[in-house]
Amino acid sequence: MFLTIPTIMTWTRIVAIPLIVGVFYAPLEPATRNLIATVMFVVFAATDWLDGYLARKLDQTSSFGAFLDPVADKFLVCASLLVLVHLQRADVFVALIIIGREIAISALREWMAQIGASKSVAVHMLGKVKTTVQMVAIPFLLYDGRIFGAIDTGVWGTGLIWAAAVLTVWSMVYYLQKALPEIRARVKR
């Protein structure tokens, strides 16, 4: 099911990446660029929940959609982190932790699937919490201003992105621990 409504929504997250990046090169006031990028990120990130809901509701789930959905999420998060590092709103160390974990766990999941042990590294609530914290931190950092005259999104976003980095390491350790028995069994062979 290459072109179902949920899959098209997933593709929009990938298409969104150059649009969000491009906003920061547009001849606009910085506050306007920040607002547009933030709104775009929030709208496209919301499609992550909506496409899954629609896939189940419309009975349009597919193995391609299950593959593409996390890839689109990772692309959107990683591209946004790189923009934030470039704008000096996120620490490069945080970006390395988050991007490195995504690569490592993706590789681990691929390998575990090849050996028939993908259930041992199935998505866990800890990974979902990590993703949620990232999806809240990134728009705060993209906006980089004050909301209601009182909430400094840069400060809150920085705290949340560091919390996401801690959750990232924690979830990586969790997935590695779940995979370790299978890894040990394969290494002994």
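Visitor: Which residue forms a salt bridge with Glu102 at 2.7 Å between the closest N and O atoms?
Guide: Lys130 does. Bear in mind that this is a predicted model. Glu102 sits in helix H4 and Lys130 in helix H5 (residues 125-143), so the bridge ties together parts 28 residues apart in sequence.

Visitor: Are Glu102 and Lys130 buried or exposed?
Guide: Both are buried. For Glu102 the relative accessible area is 5%, and a residue counts as buried under 20%.

Visitor: What else does Glu102 form a salt bridge with?
Guide: Arg101, with the closest N and O atoms 3.2 Å apart. Arg101 counts as buried too, at 4% relative accessibility.

Visitor: How many salt bridges turn up in the whole structure?
Guide: Eight. One of them joins the side chains of Arg13 and Asp51, at 2.9 Å from N to O. Arg13 is in helix H1 and Asp51 in helix H2, so that pair links parts 38 residues apart in sequence. Arg13 and Asp51 are both buried.

Visitor: Which residues are linked with Arg13 in a network of salt bridges?
Guide: Asp48, Asp51, Asp69 and Asp73.

Visitor: Now Arg33. Where is that?
Guide: In helix H2, which covers residues 30-57.

Visitor: What is the nearest side chain of opposite charge to Arg33?
Guide: Glu29, at 7.6 Å. Arg33 is buried but has no salt bridge, the cut-off for one being 4 Å.

Visitor: So what is Arg33 in contact with, leaving aside neighbours within four places in sequence?
Guide: Val23, Phe24, Ala26 and Leu28.

Visitor: On to packing. At what angle do H1 and H3 cross?
Guide: Roughly 15 degrees, with the axes of H1 (residues 5-23) and H3 (residues 63-86) coming within 9 Å. That makes the two helices roughly parallel. The crossing is left-handed.

Visitor: Which H1 residues meet H3?
Guide: Among them are Trp11, Arg13, Ile14 and Ile17. The H3 side includes Leu68, Asp69, Ala72, Asp73 and Leu76.

Visitor: And how do H3 and H4 pack?
Guide: At about 160 degrees, with the axes 9 Å apart; H4 covers residues 92-114. H3 and H4 are therefore roughly antiparallel. H3 passes H4 in a left-handed crossing.

Visitor: Which residues meet there, between H3 and H4?
Guide: From H3, Lys74, Val77, Cys78, Leu81, Leu82 and Val85. From H4, Val92, Ala95, Ile98, Ile99, Glu102 and Ser106.

Notes: Residues numbered from 1 in each chain as written. Predicted model: local features only at pLDDT ≥ 70, side-chain atom pairs only at ≥ 80, totals over all residues. Heavy atoms only, no water. Helix = DSSP H or I, 4+ residues; strand = E, 2+ residues; numbered from the N terminus. Buried < 20%, exposed > 50% of the residue type's maximum accessible area, 1.4 Å probe, protein only. Lys, Arg positive; Asp, Glu negative; His and termini not counted. Contact = heavy atoms within 4.5 Å. Axes fitted to C-alpha atoms, helices over the stretch in contact; angles between N-to-C directions. Parallel < 35°, antiparallel > 145°, perpendicular 65-115°, else oblique. Left-handed = near helix turned anticlockwise from the far one by under 90°.
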